[in-house]
Every structure is written in C-alpha cells, then in structure tokens.
Amino acid sequence: MYKCLVCETEFDSFMTFGKMPIANGFLTSEDFKNEFFYELEIGACPNCSMVQLVRQPEREMMFHEDYAFFSSTSEKQRVHFKTLSDEILDLINANDPFVVEIGCNDGIMLEHISKKQIRHLGIEPSTNVAEVAADKGVNTISEFFDYELAKKIKDEYGNASVISASNVMCHIPYLDSVVKGVKELIGDSGVFIFEDPYLIDILEKTSYDQIYDEHVFYFSITSLAKMFDKYDLEIFDVKRINVHGGSMRYYVAQKDTKHVSVDVEKMSEVEKYNEVDKLSTYQNLKTKIERSKEELNNIIRKIKTDGKRIVGYGATSKSTTITNFCGIGPDEIDFISDTTPIKQDKYSPGTHIPVKRYEEFKECYPDYALLFAWNHAEEIMAKEEEFTKAGGKWIMYVPNIEVIDDIL
Ligand code: SAH
Ligand code: TYD
Ligand code: ZN
C-alpha cells in the first residue's frame, strides 16, 4: 500500500513498468556502471482521484547543473510560450505588475515579459538552463519553489500579479508546500496559471510515455479542484492546449473572487464520463499499455528481420519509458537523432542507444524513423518532406501503432 501525496489515503498501484533510469539522464559510456535505476510504478488515489507515481527519485537527481531539457528546442513551443506571455500581459493591469514563473527553464516565456520591462522573477533550480534564461535578460534565481521561498519572494518583491508554471506543477511531490506558497504570493487578487499534460489525453491516446520520473502527478480537474478547495483556492477557467501531446491549462485564484467559466463544468463532465475516479479506468489503461508494447515490438521485430535500418527521432524523456519498458536498444535502433547539444554524443538512459546530431539522420536516411517526439509531429513533418520522398517511413506508437509514409 502507498500513501496519497495529496490526501494521505492508502492505495495500491495499478501498474509497474519495472526498473527505470532517470528519464533525462543521457550519459557517457563511463557512466554506465554507476547508472541509477528505480522502480517506476503508478497508482490512482481512490479518495481524491489523484493519479501519481508511488515513488520518485530525489529532486537533485533530476534537476541539476546538467539538466538535458531545454524548452526552446522546438519552434512550436517558442510560439506557444510567446502566446502565453501575450495573454499574461493582457491580464496584468496593476500599476507595477510583478510576474513570477516557477520552472522558467531557458526563459522561453519570461524573455517576452522581460523585454517589456515588467518586474518579473524566474525560479529555476537547474543552473545550466537558468543561465541561458539569465543571458536573455531574465531575472532568475536557482532554487526549488516551495512555501519558504514564496514567503521570501513576497518579502522582497511584494505580491505577484501572475504566477505562471508550465510543465512543473506535475513534477513536484510536495504539492502542499507549493500551493501554500502560491496562495501566499498571489495575495487577494493575483492569478495562478499553470499547464501540464492532461490525464484525459493520456487515457484517450494511451500515451503512457508521459509516465516517467519527473511526472509525479497526472492531473485532472476532478483531482485538482478537490485539492485547491482545501486551500480556499478555485480553478476559474481551463483551456485544452495542443502541446506535449495534449495538455490542460488551469487558471486559479482565491475562492469566490472570479467568475467561473462554463468550461470548468463542461470539462469536469467529460472527466466524469471518462470515469477518471474509477479504478477500472486505470486497469483498462494498463491493458492498453501492454497491448501497445506488444504491437510495437512485433513491428520492430518484423522490420529487423527484413534487415532494415531504424533510427529514433527525438531523444525525448518520454522515449526513456518506451525504450526501457519495451526493451528497445541499440540492436533495434541504430541511434536517436536529436538537435539538443547536451544530449548529442551521449547514450539514452538505461538502453544505451547512441544519441547523434540531426545531421547524421539527414546525411544517411534510415528505412524507418521511430518518432519519439510524436508531440512535435507537425513541425517535424514540415521539415522532413525529403525523408518521406526518399521512401522513408515513420513508426508511430501514439495513439496507435502504425507505420506510415506521412505522419499528418
Ligand atoms: N516551463 C518550461 C520547463 C518545463 S521542465 C516548459 O514548459 O518548457 C520543468 C522545469 O522545472 C525544469 O527546468 C526544472 O529544473 C524545473 N523545476 C523542477 N522542480 C522545480 C521546483 N520545485 N521549483 C521550480 N522549478 C522546478
Ligand atoms: P519534448 O517532446 O519536448 O520532450 P520530453 O519528452 O523530454 O518532454 O522534446 C523534444 C525532443 O526532440 C528534444 O530533445 C528536441 C528534439 N527535437 C528534434 O531533435 N528535432 C525536432 O525537430 C524537434 C521539434 C525536437
Ligand atoms: Zn488522495
């Protein structure tokens, strides 16, 4: 039995994926012998419906001076966060607004706020990406956000007009401290905007590669509304967004201070219809995940029997779950192509597939590309017309296992 990180109710996990390495822990061959593994296991709380990992590696093992995820590697993400910054700029009408971002990474969002000379603060514990943000003129501190830090920030800067947190709330197991900190810092009238991969998308697409060490929570409005209610906070709006394979953006304020949009009710109904509060939903998900693994392995086995070459496209953290869970290694995949310098010339976590520069893909097309960065399919497809024209095929595994000429 495990204890819910939110309400402390005891529950059993519904699935274990076996031993997993750090999802973003790309490594050199010298590091193979010291590689860290833990058991990746997930459950759903029967009381508050929060879907969560039952254990997570220490935060310092995931977020540090060599963090491999740089937000700005995708053009789509750059546009997405420019749009979010515009929305934030429209929202702030205080005299001297103050914008805080939790997990600002390389400054992909805050750089636009900074350019407008608006008071702001980025909180980013991974120092290498924080440095990139600072170089862009973003006021950055390298700390982990929690209640203590929120109080310090409030003492120094006053209340935040907006706190933004993208793809980071679902990373933090000590949610109680974070939410208390957010409540303290937004004062009476600030707004908290955050977005994370959405549970409904994971269920609909069987996108189980979202399940890895950093993602300790898989949020729904159902689980979050209950949680915020304990702190007299309220979700007053939601917006489904097409990033990271399907995410939800939540708008939160002090309870009864904002008009609650009809979308909150509508999406809560969708969640009820999808039975996010029932254990059978997760048992079905487990069955689908196991089927997906089997079908992917069958396809890969057949391609290899035919003597063809497969290259992985995008050394995503998501791919760490797929390769380790499905047992896909260098015998199946020659290498993974990725545009992020820190990942290149290293090996994929656990399965030790070489990660190479994009040019290596471009200069010698394989027969098949296994699209690990499926959430960037449109952007990649626009770039890779030549590959498909040359007869290259894409192996997709979300939402279904397919081999196609054209991913769109
Ligand atoms: N917001 C960016 C980055 C998401 S990755 C985007 O959406 O693209 C998550 C980031 O949160 C990492 O850069 C990580 O270092 C940071 N992070 C992890 N725990 C944190 C915490 N407790 N407080 C603030 N940032 C944290
Ligand atoms: P992302 O899907 O954001 O990953 P994660 O699962 O870690 O959240 O990461 C995309 C990865 O794919 C990133 O390492 C950069 C790489 N990439 C390419 O190599 N080429 C591309 O055209 C794009 C869009 C991404
Ligand atoms: Zn719970």
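A: Let's go to Tyr174: an N or O atom in its side chain sits 3.2 Å from a nitrogen atom of ligand 1. That's a polar contact (a pair of N or O atoms within 3.5 Å). Keep in mind that this is a predicted model, where local features need pLDDT of at least 70, side-chain atom pairs count only at pLDDT 80 or more, and totals for chains, interfaces and linings use all residues. Residues are numbered from 1 along each chain as written, chains are lettered from A and ligands numbered from 1 in written order, and side-chain values use heavy atoms, without hydrogens or water.

A backbone N or O atom of Ser166 is 2.9 Å from a nitrogen atom of ligand 1, and for Gly103 a backbone N or O atom is 2.8 Å from one. So how much of ligand 1 does the protein cover? On its own, ligand 1 has 570 Å² of accessible area, and the protein covers 98% of that (Shrake-Rupley method, 1.4 Å probe).

Who's doing the covering? Ligand 1 is surrounded by 20 residues (each with a heavy atom within 4 Å). Gly103 is among the closest, along with Ser71, Glu124, Ser126 and Asn167. By class, the shell around ligand 1 splits into 12 nonpolar, 7 polar and 1 charged. Tyr counts as nonpolar here, while Gly goes with the polar ones and Glu with the charged.

Notes:
A polar contact is a pair of N or O atoms within 3.5 Å; within protein, one must be able to donate a hydrogen and the other to accept it, and residues adjacent in sequence count only if both atoms are side-chain atoms.
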